[in-house]
Amino acid sequence: MSSLYLLKPGELTLKGGNRPFFERLLQKNLAAMLKGSGAQIRMTRGRFYLHCPPEAEAQAEEALSRLFGIAGWAKTRECEKTMEAVIAAAVEEGKQLYAGGARSFKIEAKRTDKSFPHDSYTIRCQAGEAVAREVPGLRVDVRKPEGIIEVEIRERAFVFGNTRQGRQGLPVGSAGKGLLLLSGGIDSPVAGYMMASRGMTLEAVYFHAFPYTSDEARQKTIDLARVLGTYTQGLKLFVISCTAIQGRIKEGAPEAWRTVILRMAMMDCAEKLALKRRARCLISGESLSQVASQTIENISCTQSLINLPVLQPLIGINKERITALAEEIGTYKISILPYEDCCVLFTPPHPIIRGDPQEAKRIYLSLDLEELIKEGLEKAEMIDSGATSENYRRP
């Protein structure tokens, strides 16, 4: 007998005439994450149902915990549309709640099929009385229950315990493609995650500067890409050497300007890669004034040579909130490994704080970096991480 999960779509229910597009994409994404598991997905208006073999439950729950586009999900009992069957299923859910430590509960009921002879209030009352009677120690508390048993009367009756929180957002692939500037730090993986939650397909670029940065720093970024890829339907990571570019900047740029000029070169190179990959924007992890290169003046400098929009979802978020989200999605412990990226190692002791974009352009163009950028792009290495659960290893 297969296990059944009920999925509650979130924001996509507000999409009006475009809703079928988002629903089909959500179904496609989940099927890709569960490829080879034997799972089957069916869709009705307002709900998705996932059937999977019992041995695939762990894989299914891992996928559901990382799927953008659902407000919540729960392992579900499906039964006949009779009050007797609904009450029996509710009692079994009550026993599970009690075994899990809950000592109070309430029943929530939704009757989509109005031909069912009992209204939602009657379902709540009768099921609640039966659970309280059959599960000693589990009492009704409609204000602050420790557990909730939900009943939905649709084409069949569905009864399930505490619904788990979904990732919300929109299905990946519904909002075009963006290229993420991915470093080994805390911020950029979170920025990528946030844009994927808005439906954006991601690819990523990492700038490596061996021997200034170690192979461990490169591997750290690859590991971050693999974790991020489990939320984003896979992730292609392009590794580009910037050693020669850094050398040219060190030789020809004023010391205080080095970080800003290096960021300009990265943006220039990333835009060229994005256009080649048909991405519509760049994504970066700046948080306003977090470090010297992220003042509004210096951000204006680093973006002064490019035409693609740069999305910065963390721009108004403080470090504590960014760190908390990094911990939640599983990137934090990788990001804090002691292998620094090229930007950190290249930071001058007294960096410019409020650079002038015109001066930045003048310095940048004087360095004649075009050929070095072209060479870096030609020799770029592409590393592909799939969307399957086998790639997911929570640190």
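Strand E11 (residues 201-208) and strand E12 (residues 235-241) run parallel and are joined by 6 bridges; strands here are DSSP runs marked E of at least two residues, helices are runs marked H or I of at least four residues, and both are numbered from the N terminus. Two strands are taken as paired if DSSP finds at least two bridges between them. Opposite histidine 208 stands serine 241 in E12. The model is predicted, so local features need pLDDT of at least 70 and side-chain atom pairs count only at pLDDT 80 or more, whereas totals for chains, interfaces and linings use all residues. Residues are numbered from 1 along each chain as its sequence is written, and side-chain values use heavy atoms, with hydrogens and water left out.

E11 and E12 belong to an open sheet of 6 strands with mixed pairing, in the order E14-E13-E10-E11-E12-E15. Strand E14 (310-311) and strand E15 (381-385) form the edges, each pairing on one side only. Helix H5 (residues 187-196) lies across strand E10 (177-181), E11, strand E13 (281-283) and E14. The helix runs at about 170° to E10, where axes are lines fitted to C-alpha atoms, for helices over the stretch in contact, and angles run from 0 to 180 degrees between N-to-C directions. Contact means heavy atoms within 4.5 Å.

E1 is joined to E4 by 5 bridges, and proline 9 stands opposite isoleucine 70. Strand E9 (residues 164-165) pairs with E4 over 2 bridges, with glutamine 165 as the partner of glycine 72.

The second largest pocket holds about 450 Å³ of space. A pocket is an open set of points on a 1 Å grid over the protein atoms alone, where a 1.4 Å probe fits and protein lies on both sides within 12 Å along at least five of seven lines; lining residues have an atom within 4 Å of a point. Grid points are joined across faces, edges and corners, and the volume is the space filled by probe spheres set on the points. Of the 17 lining residues, Leu4, Lys75, Thr76, Arg77 and Glu93 are the closest to the pocket centre. The lining divides into 4 nonpolar, 7 polar and 6 charged residues (nonpolar: Ala, Val, Leu, Ile, Met, Phe, Trp, Tyr, Cys and Pro; charged: Asp, Glu, Lys and Arg; polar: the others, Gly among them).

Strands E2 (residues 40-44) and E3 (residues 47-52) run antiparallel and are joined by 5 bridges. Threonine 44 stands opposite arginine 47. The hairpin has 2 residues between the strands, and glycine 46 takes a positive phi near 95°.

The mean pLDDT of the protein chain is 92, with 96% of residues at 70 or more; pLDDT is the predictor's confidence in each residue, from 0 to 100. Over residues 388-395 pLDDT stays under 50, and the model has 22 contacts beyond four places in sequence for them. Where pLDDT is low, the predicted coordinates should not be read in detail.
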